[in-house]
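Please look over the sequence and the model before reading on.

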Amino acid sequence: MSKLWDIRDKRNRETLGWLGGGLAIVIAGLWAAIVHLFPPKNDGGGGPSKVEASCGSVAAQGTFIGSSITAGGASSTANCPPKK
């Protein structure tokens, strides 16, 4: 006599497989419906970002492949607070 939902039984494994697959399809369908009915808000933030460096630091934006950044050259300290 086998137990109910004994995973050693081939028929129970097949049933659990179908239930798991069906659950995955239902969840995917619900997710697609939610994303379709309630799309993300577009706040207009998709434009270029502003990058700024001050007091001898380095700022860069974009893709840098095979490039190098050298720091330590002449710098202006007119707007920098004094070091402690």
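Asn-12 counts as buried because its relative accessibility is 14%, and the cut-off for that class is under 20%. The model in which this value was computed is a predicted one. Asn-12 is placed in helix α1, which covers residues 10-37. Leaving aside residues up to four places away in sequence, Asn-12 touches Lys-3, Trp-5 and Asp-6.

**The chain as a whole**

The chain has 1 helix and 0 strands. It consists of 84 residues, of which 4% count as buried.

**Charged pairs**

Side chains of opposite charge can pair when their charged atoms come close. A search of the whole structure finds 2 salt bridges. In one of them, the side chain of Arg-8 meets that of Asp-6, with a distance of 3.3 Å from N to O. Asp-6 is also among the residues that Asn-12 touches. Asp-6 counts as buried because its relative accessibility is 18%, whereas Arg-8, at 69% relative accessibility, counts as exposed.

Another salt bridge joins Glu-14 to Lys-10, with the closest N and O atoms 3.9 Å apart. Both residues, Glu-14 and Lys-10, lie in helix α1; they are 4 residues apart, which is about one turn of the helix. Glu-14 counts as partly exposed because its relative accessibility is 43%. Lys-10 is exposed, its relative accessible area being 54%.

The two pairs are set out below.

| Salt bridge | N to O distance |
|---|---|
| Arg-8 and Asp-6 | 3.3 Å |
| Glu-14 and Lys-10 | 3.9 Å |

**A nonpolar patch**

Which residues form a nonpolar patch on the surface? The patch is formed by Leu-4, Trp-5, Ile-7, Leu-16 and Leu-19, which together have about 550 Å² of accessible area. Trp-5, a member of this patch, is also one of the residues touched by Asn-12. Ile-7, another member, has its place in the segment before α1. Ile-7 is exposed because its relative accessible area is 54%, and the exposed class begins over 50%.

Key: Residues numbered from 1 in each chain as written. Predicted model: local features only at pLDDT ≥ 70, side-chain atom pairs only at ≥ 80, totals over all residues. Heavy atoms only, no water. Helix = DSSP H or I, 4+ residues; strand = E, 2+ residues; numbered from the N terminus. Buried < 20%, exposed > 50% of the residue type's maximum accessible area, 1.4 Å probe, protein only. Contact = heavy atoms within 4.5 Å. Patch = residues over 30% accessible without salt bridge, like charges linked within 9 Å, V, L, I, M, F, W, Y side chains within 5 Å. Areas by Shrake-Rupley, 256 points an atom, 1.4 Å probe, with all protein chains shown as cover. Salt bridge = Lys/Arg side-chain N within 4 Å of Asp/Glu carboxyl O.
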